[in-house]
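Dear colleague,

I am passing on a structure that I have been going through, and I would be glad if you could look at it alongside the notes below.

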Amino acid sequence: MGNLKLKGKDILKLGYPNNQSINVALEVMKRNFATKNIHHVKSLLKEILLNPEEFEKDLTFGQIAETLLSSKKTEKRMLNSQRASFQIFGNNISEEAKNQLYTALKLPISTQGALMPDAHSGYGLPIGGVLAVENAVIPYGVGMDIGCRMSLSILDTPISYLEGARDKYEKVLAEHTKFGMYETHKSHIDHEIFERDTFDMIPILRRLKGKAIKQMGSSGGGNHFVEFGEVEITEEDEQIGLPKGKYLGILSHSGSRGLGAEIAQYYSRVATEQCPLPKEAQNFAWLDLSTHLGLEYWTAMNLAGDYASACHDDIHRRLIKAVGGRVKARIENHHNFAWKEIHNGKEVIVHRKGATPANENELGMIPGSMTAKGFIIRGKGNPESLNSASHGAGRAHSRGECRSLFTQHDIKKELKLKNVTLMGGNAEEAPMAYKDINEVMNAQSELVDILGTFQPRIVRMDR
């Protein structure tokens with residue numbers, strides 16, 4: 001790597017105003033052009049200075065252009081005294097989770113919100129929180145695990161194989177899935193996502209590309225899992241295209257790994273610097289989508305979402321290759337993401353942090369726990385929930401509470417009762433840690449139709 005010998009006074013001599021633009025230009029050029037000739041770098045800087053409007057949307061130079069065009073000071077943003085409209089689904093929701101939503105609804109950018117029946121408190125927006133805002137994105141409103149998603153593959157393998165060859169399925173899960181921060185696969189496929197120029201356009205993505213390649217096809221810790229189980233189709237749907245009956249299924253829950261976590265950390269910090277808010281609202285700092293940083297985060301978030309999807313494809317590919325069978329249907333959906341959508345006749349950015357998109361006729365998967373059934377759903381497009389549904393059963397007990405409430409003996413007893421084999425997992429994810437999934441589903445009958453169920457049989461989680 002070369003070391004660009006560019007100084008602030010060089011940029012000042014080019015005609016740059018003596019303000020923040022010099023620091024920004026210095027940082028951007030050293031980050032992106034460390035090996036380039038100084039004369040080439042100066043000519044680029046001169047070009048940006050002469051026509052900053054032309055570079056405003058450029059992912060490399062936009063920040064410099066924006067600083068040149070704007071002399072606005074960072075002013076503390078105030079909250080509105082009135083909350084935007086909202087709806088709460090379900091009864092068993094903590095006051096803390098509700099209060100987090102109420103704070104979000106007072107942001108000057110907020111237009112509407114909702115709480116799903118699995119809601120519980122989180123950082124910033126509660127888990128199960130849905131928030132629509134105007135022309136902005138809130139990194140903490142998306143969450144730390146960008147694009148975390150559910151993916152269900154329904155196979156043509158007879159369901160009897162799962163019980164008859166249980167040892168084989170357990171061995172395959174143990175050998176072909178990787179969990180947590182340190183386990184990775186020895187071999188990797190050349191996925192098209194790594195050929196995208198987005199990785200080269202944004203410095204943080206360039207730095208994280210190696211880690212993303214290494215972690216491809218692996219799953220996170222915590223409540224992430226890969227399971228073999230019984231799918232039962234209870235209502236025929238032309239999108240699924242399967243008759244009623246029982247099928248062998250693979251269900252996975254994971255996100256964008258280190259790539260998403262580091263994107264979230266970086267842009268959450270940047271948003272907090274750019275958008276000072278009162279103490280109770282500081283985790284709701286947003287990035288304006290008309291700015292370079294907003295556009296940069298939006299681009300990085302979408303790449304992380306696609307990467308999460310690619311990871312699930314790889315997990316399912318490896319398992320199906322090992323156990324045989326063909327995929328008859330695939331149902332998947334993100335949560336922890338932000339979407340551009342039209343609500344009440346205008347475009348808004350909808351954040352779903354631990355909430356499933358449930359637009360009209362959209363398919364999704366809502367899991368229960370390691371022993372409880374999950375549900376295959378079809379969205380009803382209910383405007384009061386901003387076309388959303390829960391993303392699971394939701395926690396009844398915090399991770400800390402679980403460690404003191406439940407023993408390994410309690411968990412083993414429950415697993416045996418439900419005929420479930422668990423590999424990995426701990427007390428924090430005990431079946432008893434979660435709300436009753438049936439109650440949660442009853443509370444959102446206005447939001448989704450149920451098309452089928454998934455009963456876990458062999459579950460693999462981080463140790």
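With a relative accessibility of 74%, N344 counts as exposed. Please keep in mind throughout that this is a predicted model. N344 sits in the loop between β10 and β11 (346-353), and its phi is positive, at about 50 degrees, although N344 is not a glycine. Most residues other than glycine have a negative phi. A second case is N419, whose phi is also positive, near 55 degrees, in a residue other than glycine. N419 belongs to the loop between α14 (408-417) and β16 (421-423), and with a relative accessibility of 35% it counts as partly exposed.

**Helix packing**

Which helices does α10 pack against, and at what angles? One partner is α12 (residues 292-323), which packs with α10 (residues 203-215) at an angle of about 10 degrees, the axes being 12 Å apart. Since angles under 35 degrees count as roughly parallel, α10 and α12 are therefore roughly parallel to each other. On the α10 side the contact involves L205, A212 and Q215, and these meet A300, L303, Y307 and C311 in α12. By class, the residues of this contact of α10 with α12 are six nonpolar, one polar and no charged.

Another partner of α10 is α11, and here the axes come within 7 Å and cross at roughly 155 degrees. Because angles over 145 degrees count as roughly antiparallel, α10 and α11 are described as roughly antiparallel to each other. From α10, the residues I204, L205, R207, L208, K211, A212 and Q215 take part, and from α11 the residues R257, G258, L259, E262, I263, Y266 and Y267. The contact of α10 with α11 divides into eight nonpolar, two polar and four charged residues.

Elsewhere in the chain, helix α3 (residues 38-50) and helix α4 (residues 62-69) have axes that come within 9 Å and cross at roughly 45 degrees, which makes α3 oblique to α4. The crossing of α3 and α4 is right-handed. In this pair, L45, I48 and L49 of α3 meet I64, A65 and L68 of α4, and the contact of α3 with α4 consists of six nonpolar, no polar and no charged residues.

**The nonpolar cores**

The largest nonpolar core has 57 residues, and of these I146, L205, L259, I263, Y267 and Y297 touch the most other members. Two or more residues of this core come from each of α5 (95-104), β2 (110-120), β3 (127-133), β4 (136-137), α10, α11 (257-274), α12 and β10 (337-343). The largest share, 10 residues, is given by α12. As for the surroundings of I146, leaving aside residues up to four places away in sequence, it touches G255, S256, G260, I263, A264, Y297, M301, A304, G305, A308, N336 and F337. Apart from this core lies another one, of 48 residues, and I240, L242, A427 and A430 are among them.

**Residues in strands**

Is M365 buried or exposed? M365 lies in strand β13 (residues 363-366), and at 0% relative accessibility it counts as buried. Leaving out residues up to four places away in sequence, M365 touches M150, L152, L251, I331, N333, G374, F375, I376, I377 and F454. M365 and A329, which are 36 residues apart in sequence, have C-alpha atoms 13 Å apart in space.

T453 is part of strand β17 (residues 448-461), and with a relative accessibility of 10% it too counts as buried. Not counting residues up to four places away in sequence, T453 touches E230, V231, E232, K373, G374, F375 and I376.

**A residue in helix α2**

Finally, K30 is found in helix α2 (residues 20-32), where it is partly exposed, with a relative accessible area of 38%. K30 and L4 are 26 residues apart in sequence, while their C-alpha atoms are 6.1 Å apart in space. Residues up to four places away in sequence again being left out, K30 touches L4 and L6.

With best wishes

Note on methods
Residues are numbered from 1 along each chain as its sequence is written. This is a predicted model: local features need pLDDT of at least 70, side-chain atom pairs count only at pLDDT 80 or more; totals for chains, interfaces and linings use all residues. Side-chain values use heavy atoms; hydrogens and water are left out. Axes are lines fitted to C-alpha atoms, for helices over the stretch in contact, and angles run from 0 to 180 degrees between N-to-C directions. Helices (H or I, at least four residues) and strands (E, at least two) are DSSP runs, numbered from the N terminus. Angles under 35 degrees count as roughly parallel, over 145 as roughly antiparallel, 65 to 115 as roughly perpendicular and the rest as oblique. Contact means heavy atoms within 4.5 Å. Ala, Val, Leu, Ile, Met, Phe, Trp, Tyr, Cys and Pro count as nonpolar, Asp, Glu, Lys and Arg as charged, and the others, Gly among them, as polar. A nonpolar core is a set of buried Ala, Val, Leu, Ile, Met, Phe, Trp, Tyr and Cys residues joined through side-chain atoms within 4.5 Å. Buried means under 20% relative accessible area, exposed over 50%, partly exposed in between (1.4 Å probe, protein chains only). A crossing is left-handed if the near helix is turned anticlockwise from the far one by less than a right angle, and right-handed if clockwise.
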